[in-house]
Amino acid sequence: MSVDRRKFLKAAAVTGAAVAAAPAAVEARERRVPPPDAKGMLYDATKCIGCKTCVVACKQANNMPIDDREMGDGLYDAPTDLNSRTKNVIKLYREGERISYMKAQCMHCVDPSCINACMMGSLKKREYGVVTWHGERCTGCRYCGIACPYGVPKYEYEKAWPKVVKCELCAEREGKPFQPACCEVCPREAVIAGNYTDLLAEAKRRLAANPDRYEPKVFGETDGGGTQVLYLSAAGVPFDKLGLPDLGPEPVPQLQQVIQHGIYQGAVIPVALLAVFAGAVWRSHRQQGEGKGGQS
Amino acid sequence: MDTIERSATREPGQSVDRRQFMQVCAMAAAAVGLPHSAAVKWAEAAALGLKPSVIWLHFQECTGCTESLLRTSHPAIGELILDLISLDYCETLFAAAGHQAEDALKAAMTTNAGKYVCVVEGAIPTRDNGIYCQIGGRTAIDILKEVADQAAAVIAIGSCASWGGIPSADPNPTGAKGAPQILEGKTVVTIPGCPANPYNLLGTVLQFVTFGTLPALDDKNRPKFAYGRVIHEDCPRRPHFDAGRFALQYGDEGHRNGHCLYRLGCKGPATHANCSLQHFGEVPGAWPIGTGHPCIGCTEQAMLWRVPMHSTVEISRPTPPDTYPPIHAEHRAISPGAAGVAGLVAGAAIGAGLMAAKKFVGEGTEEKKEG
Amino acid sequence: MSSHATPAPLGGKIWTPFFQFLAGVFAVSVILMIWRFVAGLGAVTGLSDAYPWGIWIAFDVVIGTALGCGGYAMALLVYIFNRGQYHPLVRPAVLTSALGYTMAAIAINIDVGRTPYIYKIPFMPHWWNLNSVLLEVALCVMAYVAVLWFELAPALFETWRKGSSSFFRWLADTFDPIIRKLMIPILAIGVLLPTMHQSSLGALMMLAGNKLHGLWQSPLLPLLFLISCIGMGYAVVVFEAHLSSRAFRRPSEAPMLARLGVVTGWITVAYLAIRLGDLVVRGKLGLAFQPSFQALAFWVEIALFAGAAFLMLTPARRGRAMTQFNAAVMIILAGSLYRIDTYLTGYNPGDNWSYFPALPEILITLGILALEIMAYLYIVKRYPILAGGSSTAPARA
């Protein structure tokens, strides 16, 4: 009985030590920053008029099929959300008198949760920090869909050979790579593309110049570790009302990575455990008198 | 026909007031989207007496296209045929007839060989060697081929000349075809419509006679400036379509409020034309949809006389409607069959568990002693 | 010292009415599986953009492998903690584990959207994303399935060696000595791998961030998953031991299982302490008192675990077969509910989404389950898995 307990406590201590080591590993995971030539977009909800030209342009630039599943008859392209046929959508927030449009697409995070999740690296952070998906490695496990806090990666459940569908900042746009079509066609420049540093500066300039017009924050500056697509919202419309969750400044994958790497760093603990287990098995085989290596 | 009589009495050498003439040219250029330099060129050419020759052929037609041309004012038909072009053969407008007319045609062809513009109106019958349309004993096929042979440009005006039009409607007893099908291998500009919008013709002809170039053409040789988009794209009633406001019957409230006519069979989404921008008769709003009748697709061979007037067409590239999804749209769905089976399975599992537990009751007392 | 009866095939008819019923369920599911590959996941499941993972992951894989931790739990006890008297329970546990993990592997192949690309995982290490917890789970599970069948192989070889097929005799003669020589590393790896991936199955959902309800989202998810899976492993062993005692009319092993119950009971207590302590420390216990479906599910979990611990640790009760069986069922349910809650019930991708498995999705799960049970029945009847003869009380208290 006492041997039992001792062993159990020993094992518990090992695990506990691993868990305790985790906080020490917190600082060990370096903070990711946008690449120096990072591109992004700035969406100013106060300038958007909800014309949806960006939705049309995105569909055409990306050769996306129409989504008429909810408003049938083939009359309209009416996605209600990002989905396997829609990489960019305009939504409406309305509460009483307050109205704001919201453009939803991939946020191109600085420390993307989806890339962290993907087993075989099908999702990559490419030139300019743009996050793109590549099918030759994807098994279709959809962990990226679980990981993304904005619910961006969508899946072609209706196909036998499905793809992951999400905005890729027009990385593969014919003749104009990395020039987002949505930003080109916006009649009010509510969404603009450009250098991330410039866009962030511009966003801050707008906040400083017109503080009464905006919520006092640039969403994406630090949220979830930062995103390369930045948002400005109208005063009185907090970002969570627009569907942008309050993530805090920690990158989304931080905690999981810290714990996981804390346990597996350098394979030290697994190898140590293996040695302990091998030793214990060997001893039990000897003690249980099964000289031939035992009946299992 | 004041203007015609006036021209008949005009003495050779009598010049038109230059300023008035420039005004006409400028307005004409502007109306058909040509630059001001075109107007200057016309004025210069006219001053030199060098007016480009136009030969206008009529075949299986109702003359509607000519009639619609008569109703322009920028330029008016008078200015057009007297000052800007030399209409050397036109059966509708000719005072002459019979052999005189035929001689005029031959003379024009000889004098301006290789330089004249041939405008074709009406379809060309092909069955039985084309005997169903003969002028002066010659079939339309022969006339067209002969005239087109020496033409600098051939322009087919109207749906009949472009692809066969109404004579080609089922069962097409005369084997009517459009000019491009007769003149295979030649570039024939087509200006379909029933009737065609006269400004589309004017723009094309005037560009050609001024600059020697034809406007950019699409795969059916229609000028892109007029036929590059479908009616649906430029329709003033489009906001009603986007908002889902339709007229469902003639005279109902939607119809009286000017709502979209899509559900009444409007072929706008499938019809390439500029009727919604350039109305007819120079009366704003004088175009089919503007008067409350759905577009019948009169420029399109696939539509006119083939798809019933009140059947709806497919939208080839739908765009978003005038509604917005909320930030969190409703997406719930549970299939009753699945819920039923899940309930059954859960019930069976619980039942089996209870049964298995009951089986142990008998053992319970024995085990107690051992344990 | 260990004193155990020799395992032997149970014999008896394979094609019983129950077996036929299972075969029917499996046959239906095969048709649906083919349909899934022809028509895509959407045609067959209730999965959606907001719920990329459904019962095939939460139940077939996560719960399925946790229930397949019998082999792991027994190996810990018998080979790490050197409790040889539990030896007779090892082989059936390993069989159940091998079948459970194989069932999970089948479910994964059906669940992923691009099944042929799964082969790229073990064969293209230059593409591995070492930050991906799911990669670690995938590799570990693939390896562990193999290890389990290696652990089970000697039992199969025993029969093949005496059998009529020369091919199988050759297999047995060739590989039995090799596996026996490697048995120590195989067993050691077989204890390491589940430790790794069962905890990682918990770590997976950490990436869901705030989409996972505060009652389940925790930095201790890996630890809690690991502890509960060990508990579930023992519970499955107890459950299966009693069930096969009754079903095959073999003597009960209740006395031995009572001791096992004590171990399981303390593990459950540890789990509850850590679970509740974690909620208190992170200030999330208040969520358990909100009138929500999630709060209800949480309390059911706790009640089942606590009730089971009580049953297993009360000396007066724990000797009774029915008590042990009930306690085992409660732990299995509690651990399964914990996993369903972590992966589905507690997962909220947005207020207006919901998930319920579609009918074909449920039937495919049942079909794979039926296959597992059929395989179990066949193997215990034809191969020496279950120990015959009477059980004896453990050597010391």
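1. Domain bounds here come from an automatic or database domain assignment. On that basis chain C splits into domain 1 (15–45 + 360–382) and domain 2 (46–350), and their C-alpha centres lie 21 Å apart.

2. Some ground rules. This is a predicted model, where local features need pLDDT of at least 70 and side-chain atom pairs count only at pLDDT 80 or more, while totals for chains, interfaces and linings use all residues. Residues are numbered from 1 along each chain as its sequence is written, chains are lettered from A in the order in which they are written, and side-chain values use heavy atoms, with hydrogens and water left out.

3. Now the contact between the two. Counting heavy atoms within 4.5 Å as contact, 21 residues of domain 1 of chain C touch 24 residues of domain 2 of chain C. About 1900 Å² is buried between them, 73% of it from carbon and sulfur atoms; buried area is the accessible area (1.4 Å probe) that two parts lose on being put together, summed over both. C:Ile368, C:Glu372 and C:Tyr376 supply 30% of what domain 1 of chain C buries there, more than any other three residues.

4. Which helix gives the largest share of the domain 1 side that touches domain 2 in chain C? α15(C) does, with 15 residues. Helices are DSSP runs (H or I, at least four residues), numbered from the N terminus.

Definitions and conventions:
Helices (H or I, at least four residues) and strands (E, at least two) are DSSP runs, numbered from the N terminus.
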